[in-house]
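Visitor: I'd like to learn how to read a model like this one. Could you walk me through a few features?

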Amino acid sequence: MAKFTITNGKTVTKPFNKIWIILAIVIVLLIIFWQFIKFNPEFIALDQLGIILKKMFTPKGTRTWGDYFKYMLRLKEPLLDTLQMSFAGSILGSALAIPVAILAARNIFKKKFIYVPIRFLMNLIRTIPAMILALISVFFVGIGVLSGILAITLFTFGIMAKMLYEVIETVDMNPFEALESTGANKTQAFRYAVMPQILPVFVSYLIYVFEMNVRASAILGYVGAGGIGTVIKDNILYNYDRVGASVIVMLVLILVVQFLSNFLRSKLQ
Amino acid sequence: MMSRSEQALKKKPKTWIVNLIFTAAMIVAIVISFSGSTINWRRFTTIGISLRVMWEGLSQINVDFLLGIGIYHFQEGILYLTLETLAIAFIGTFLGAILAIPFSFLSSATIVGKHISKIGTAILVLIRVFPEIILALILVKGFGINALTGVLAIGLHSVGMLGRLFSEAIDNMDKSPLEALDAVGANTWQKIRYGILPQIIPDLSSIALYRLDINVRSATVLGIIGAGGLGATMILAAENWNWSVLGTIMVAIIVMVLTVDAISSYLRGKLV
């Protein structure tokens, strides 16, 4: 401990900075976890990175740049599939999330036996990655858009229910109580006191979730849930140029959706 | 003669027309969404069978395989793979956080000024747009089929979001300590050490912990293209509809994610 003598004669001790303990823990964890990252230095071939990028973003073999861009136009259908999946999944998942969020909010039904088990179930659903949800959906309804919709619905439901009950818990409850005191039942009080408060936030979250789902559909397509991810998976072995074209189309789609989502959400506030 | 309240009610704008049109448009859009050519509604008749098969598999959790004991090698057990997934997420987040710091300075208006910060923000948006799986798809060629690819993919992808949140934290920083330090004659390093770091470190760690939550989830799926962790075993089991293995993996993922969530939210609560 460093000790300092101030001009008035008192000695002060510099307090121990806890950051060093935290830093030490992080470093120890990094070292422990590094043991799991087994890699063979011989496998590292950085020149391959350039080759793969060139393969992805230039036409393959005898194909011309015209073919490359024509292929992008052919991606219209999977692109629409992706949007369709994300849209339907976002709407359905959010619609399902509303009643559950109301039950899970601590300030509407003030009963522990209602909100504790519901929150636990919601946490459980949220831990399952979207891809596993897609795998399960593919098992039930087969490869295609429907399994994508199902997976995204469940995924949206998990996130939306959590975000919504947190919003419901922060609303001003005075109007709710006022309505209840005039004889309105819980449904009416919710409709006229809480709904107007949460509706803008809900719409903003809905747009945000849609944006997230468009992103997630890249992964979902990989396990057979339709959309542009499927095209990437189908071509990954032989047609890197098509993978590249699909990636470009997907990135543009994500950028556009992100831009629109930011724009709409800023308008809502 | 109408009472005043009735008059007020009459003046109320007729929002129901807008609401009706909006609802109708939504319903039409959803119906269109469900009319894809690849949708096979007859699959719904077999849902009972599917559920039974799934349940039978899920209820047979293979403990030997879970722990990697008995006939299984420890390194093919789910426990080891789960730890590997955790390792990928942790190191990836750390890498992302370190890489995000320079980008966050570059996109923070208070540090580099309005014009340069726009360039920084644009770079971060471009990084964020690349889904992890696409990054891993490219990186796997250069770094081979192993966990290092996963670490790099997660690290690079995290830079996008972490950089933005970090720069917001820096922009929200209280600038009066800096002026005070200026007044007592501190040099640049001292200003960073005593004026900036104590303010932003709690925020930055809290953001990084939040990102760790997200990255643990994404690390579980990166294995499907060979970037290490649980994903490879998972996709193999899924392609064979091996529900007992899938069930084991799901249990492992749920336990891991819930634990990390709990630890991270506890630590974040302490930080803020």
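Guide: Handedness to begin with: a crossing is left-handed if the near helix is turned anticlockwise from the far one by less than a right angle, and right-handed if clockwise. Here α12(B) passes α13(B) in a left-handed crossing. This is a predicted model, where local features need pLDDT of at least 70, side-chain atom pairs count only at pLDDT 80 or more, and totals for chains, interfaces and linings use all residues. Residues are numbered from 1 along each chain as its sequence is written, while chains are lettered from A and ligands numbered from 1 in the order in which they are written.

Visitor: At what angle do the axes of α12 and α13 of chain B cross?

Guide: Two packed helices are described by the angle between their axes and the distance between the axes. Axes are lines fitted to C-alpha atoms, for helices over the stretch in contact, with angles from 0 to 180 degrees between N-to-C directions. Helices (H or I, at least four residues) and strands (E, at least two) are DSSP runs, numbered from the N terminus. For α12(B) (residues 231-239) and α13(B) (residues 243-271), the axes cross at roughly 145 degrees and come within 8 Å.

Visitor: Which residues of α12(B) and α13(B) make the contact?

Guide: Contact means C-beta atoms, placed from the backbone, within 7 Å. Thr233(B), Met234(B), Ala237(B) and Ala238(B) from α12(B) meet Val245(B), Leu246(B) and Ile249(B) from α13(B).

Visitor: How many residues of chain A are in contact with chain B?

Guide: 49 residues of chain A, against 45 of chain B. On the chain A side, α6(A) gives the most, with 6 residues.

Key: Two residues are in contact if their C-beta atoms, placed from the backbone, lie within 7 Å.
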